[in-house]
Amino acid sequence: MKTQLYTPEIIERFSRQILVEGIGASGLKKIREARVAVIGCGATGTSQAELLARLGVGFIRLVDKDFVDISNLPRTHLYTYSDAKQALPKAVACASKLKEIDPAIEVDPVITRVTPSNIEELIRDVDVVVDGTDNLRTRFIINDAAIKLGKPWVFVGFASWYGNVLFINPGKGPCLRCVIPARMVEREERRDACEILGAVGTAIAFIASISSTLVLKHILGILDDYSTFYIVNGKTLDIDKVRVKRNPECPSCVYKKYEFLREDVAVEKATRICGSNAVEVMPPKKIRIDLYKYVEGVDKAKVLSVNPYTAKIKISDMVSMVLFSDGRAIIDGTIDEEYAYRVYKSLVLDRLVNKG
Amino acid sequence: MDFRGEPCPGPLIKTVKTLSNLGENKELVVLTDIEECMKTIKEAVELLDVTEVTVKRENKHWRIVIKT
């Protein structure tokens with residue numbers, strides 16, 4: 001057979017989809033050969049990733065910096081209790097579930113924070129980018145990079161019961177910055193917020209269906225509308241469609257200033273994670289930790305889990321630390337950034353220094 | 001394989017399953033009298049590593065010849 005993407009079993013698998021008007025075998029070929037990057041593997045990202053994998057998308061890159069936590073399970077598709085107990089990175093857990101759905105597709109988990117310096121590398125070799133993020137700054141970074149590289153992407157905003165979707169095709173309709181002013185980024189970050197609005201799993205699935213349908217139609221070449229902003233109410237089940245236009249003065253898609261790609265946002269050594277009772281701590285320089293060796297020096301009773309990607313260490317009854325192999329850590333169970341940094345310094349930095 | 005009177009996906013699935021066990025340098029002849037089914041089988045089989053797929057109209061049905 002030509003490639004693993006087309007076997008008799010795969011034709012049988014997609015036989016009902018092949019029969020659908022507008023898809024057919026030629027549509028299956030387009031879907032199978034499509035390359036998609038899902039940025040953020042939380043509730044919206046995993047829902048979309050699952051739908052796209054089941055549709056047959058042949059390559060899916062999964063980008064996320066976080067690990068699976070038990071509080072993710074009620075609204076996050078694909079993750080299991082076991083993933084949370086192991087504190088598996090979301091990108092790895094999601095990739096493993098997608099391969100279980102379809103072993104013939106290629107999945108590429110990338111455990112990283114999305115920054116202006118890595119976004120172009122993350123999306124350069126894909127056809128479509130899917131928004132699974134939870135903050136505007138990352139979305140504007142994606143928006144700038146997508147315009148610069150001419151990559152279509154789908155914006156998916158979500159909170160509580162409500163969501164927004166906009167499929168952005170650079171040059172053929174408005175970009176995110178035409179529709180949402182950049183000042184909203186600072187407003188979101190200033191908000192005493194880390195407000196937790198919550199999220200309803202059924203509404204997420206509803207919104208993910210809309211965005212994934214737009215991605216599917218784009219892959220099939222039958223999407224001709226790049227100016228509809230979908231406003232979704234997951235409670236009343238209403239979908240409002242608003243026509244949006246390009247801003248003739250848009251700094252991103254008109255003047256190509258790419259302000260969100262200019263420089264990396266200063267990364268604090270310890271930052272509270274919005275929406276979580278946790279603090280993320282960054283290593284002072286690029287490091288790589290062999291986590292199995294690391295836990296040899298830790299009281300065994302305190303090692304809650306270890307795998308090639310993360311080690312989860314109990315700090316107290318209420319607090320734990322998930323250490324990633326790239327030296328990042330998430331101190332779970334506190335929002336005190338100074339305390340979290342002290343924990344990290346004593347359990348990671350000082351230990352690495354002592355080991356030379 | 002005579003699928004006259006039978007709508008897809010049955011004929012499609014049976015065709016590809018038969019192809020997977022057929023081996024190289026063989027010929028499979030499929031008959032169908034449903035145009036959509038003929039198109040579906042032809043396009044789907046062309047995704048596989050077959051040497052040639054030809055379709056010929058015969059009376060009230062189509063004859064699809066697949067060479068592996």
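Student: How many bridges join β1(A) to strand β4 of chain A, and do these strands run parallel or antiparallel?

Tutor: Strands are DSSP runs of E with at least two residues, helices are runs of H or I with at least four, and both are numbered from the N terminus. Two strands pair if DSSP finds at least two bridges between them. In this predicted model, β1(A) and β4(A) (residues 128–131) run parallel and are joined by four bridges. Within β4(A), Val129(A) is the bridge partner of Ala37(A).

Student: On what basis are residues named and values computed?

Tutor: Residues are numbered from 1 along each chain as its sequence is written, while chains are lettered from A and ligands numbered from 1 in the order in which they are written. Because the model is predicted, local features need pLDDT of at least 70 and side-chain atom pairs pLDDT 80 or more, whereas totals for chains, interfaces and linings use all residues; side-chain values use heavy atoms, without hydrogens and water.

Student: Which strand is joined to β1(A) by five bridges?

Tutor: That strand is β2(A) (residues 59–64), which runs parallel to β1(A). Ile60(A) in β2(A) stands opposite Val36(A).

Student: What hand does the unit made by β1(A), helix α4 and β2(A) have?

Tutor: A crossover is right-handed if, with the strands pointing away from the viewer, the path from the first strand over the helix to the second runs clockwise. The β-α-β unit of β1(A), α4(A) (residues 43–55) and β2(A) is right-handed.

Student: How many residues of β1(A) are buried?

Tutor: Buried means under 20% relative accessible area, exposed over 50%, and partly exposed in between, with a 1.4 Å probe and protein chains only. Four of the five residues of β1(A) (residues 35–39) are buried.

Student: Why does the pair of Phe67(A) and Phe324(A) count as tilted?

Tutor: Rings of Phe, Tyr and Trp (its six-membered ring) pair if their centres lie within 6.5 Å; planes under 30 degrees apart count as stacked, over 60 as edge-to-face and the rest as tilted. The structure holds six aromatic pairs over all chains. In the pair of Phe67(A) and Phe324(A), the centres are 6.5 Å apart and the planes stand at 55°, so the pair is tilted. Phe67(A) lies in the loop between β2 and α5 of chain A and Phe324(A) in strand β13 (residues 320–324) of chain A, so the pair ties together parts 257 residues apart in sequence. Both Phe67(A) and Phe324(A) are buried.
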